[in-house]
Every structure is written in C-alpha cells, then in structure tokens.
Amino acid sequence: EFRRVLFRSIDRINSFPKMSTDPGILLVHDRNGMNNLQAAFLYQQMQRYDLAIQAANRVLDQVPSSTAYVARAASEALIGDKKHSIQDLDQAIAREPNNSNLYELRAIEYDDDGRYKEELADLDVAVKLDPSNAEFQAQIAGALFSLGRKQDGYKHLQMALSLQPTYVEA
C-alpha cells in the first residue's frame with residue numbers, strides 16, 4: 001500500500017511543474033545551464049534524493065516557488081523525512097492556496113503518517129477546489145475506512161464512481 005501511494009504521489013509530483021501557476025520558476029539554472037528544478041525532478045527519478053534536495057534548495061534560495069517546495073517535499077518524503085516534507089507542502093500551499101493538487105499531496109503525506117483527520121481536512125479542501133475529481137473522493141473513502149467510518153467511506157466510493165464510472169481504484 002505504501003509503495004502504491006508513494007509512486008502515485010511521485011507521478012503527480014513529476015507532472016506538477018506543468019500545472020503550476022508559479023511565475024519565474026525557470027529562471028534559476030546551474031552553471032551548466034540545466035534548470036535546477038528540472039534537475040531536482042531528474043535526480044528524484046534517478047533516486048539521488050540528496051542531489052534532488054540540493055537542486056531544489058538552489059531554486060528556493062533565489063526564487064521561492066511552490067513547485068520548488070513540492071520538488072523538495074517529494075525527495076524528503078522518499079527518504080522518510082515526513083516532518084520536513086509536510087512543512088514544504090505547507091509552504092507550497094501558502095503560495096498557491098487554490099491548487100487542489102497541493103492539498104492532495106499533503107493529504108497523502110498525512111495518510112502515510114496515520115494522521116487521517118488532517119488527511120480528511122486537506123481532501124475536503126481539495127474537493128471544494130475541484131469537485132469533479134473522483135480520485136479525491138476515493139482518497140476520502142480510504143481515510144474514512146482507516147478511521148472505522150465504513151458507511152461514510154462507501155458513500156464517497158459511490159461518489160467517486162458517479163463522477164467517473166470507469167475509475168478502477170474505487
């Protein structure tokens with residue numbers, strides 16, 4: 001279960017720069033001309049999390065952006081540093097409070113840490129920002145099941161399927 005959630009969050013994180021509305025994130029380059037933010041995501045895929053964190057730090061030192069915070073949070077999560085990962089996601093959300101994907105990413109971290117009430121709070125915000133997202137409903141169901149609230153969980157699974165009848169994970 002942990003690996004499935006982790007890889008799903010990595011996939012979402014790796015696609016995040018395309019979704020970001022953060023201005024100026026492509027301005028920070030290393031001396032070889034490679035974009036440090038791109039380098040951070042590349043190092044993550046190479047499982048060089050220390051280098052990914054360093055690349056994200058170089059961006060954050062010059063142009064703090066939600067995408068750079070997400071890049072660093074992903075690497076921190078992958079090395080098991082949940083505290084700092086959540087802190088970086090807090091910073092990303094402060095910069096882009098209307099981005100439902102950021103709340104989902106933090107909810108995944110809360111889920112992994114067994115903090116289901118906080119997970120539900122973030123998923124509730126994500127649903128308010130993007131009510132047609134079936135995945136959010138399915139994640140809410142999972143959190144409710146973890147809290148022993150099976151009836152409520154089944155309702156959210158039904159909502160996920162009503163939003164996307166072919167949603168396999170529901």
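Mentor: On the face turned away from its buried side, helix 9 carries the exposed residues Q151, Q158 and S162. The model is predicted: local features need pLDDT of at least 70, side-chain atom pairs count only at pLDDT 80 or more, and totals for chains, interfaces and linings use all residues. Residues are numbered from 1 along each chain as its sequence is written, and side-chain values use heavy atoms, without hydrogens or water.

Trainee: Which residues of helix 9 are buried?

Mentor: They are G153, H156, L157 and A160. Buried means under 20% relative accessible area, exposed over 50% and partly exposed in between (1.4 Å probe, protein chains only). Helix 8, residues 134–146, is among the elements that cover the buried residues of helix 9.

Trainee: How do you know where the buried residues of helix 9 lie around its axis?

Mentor: The arc is taken from the directions from the helix axis to the C-beta atoms. For helix 9 the buried residues fall within an arc of 105 degrees, so they line one face.

Trainee: What are the buried residues of helix 5?

Mentor: Helix 5 covers residues 82–95, and its buried residues are K82, S85, I86, D88, L89, A92 and I93. Their arc is only 160 degrees around the axis, which puts them on the same side of helix 5. Exposed residues K83 and A94 sit on the face of helix 5 turned away from its buried side.

Trainee: Which residues touch the most other members of the largest nonpolar core?

Mentor: L37, V70, A71 and I140 do, in a core of 28 residues. Such a core is a set of buried Ala, Val, Leu, Ile, Met, Phe, Trp, Tyr and Cys residues joined through side-chain atoms within 4.5 Å. Several helices each supply at least two residues of this core, including helix 2 (36–45), helix 3 (49–62) and helix 7 (116–129). Helix 4 gives the largest share, five residues. A second, separate core has six residues, among them A134, A138, L157 and Y167.

Definitions and conventions
Helices (H or I, at least four residues) and strands (E, at least two) are DSSP runs, numbered from the N terminus. The expected span of a helix is 1.5 Å times one less than its number of residues. Contact means heavy atoms within 4.5 Å.
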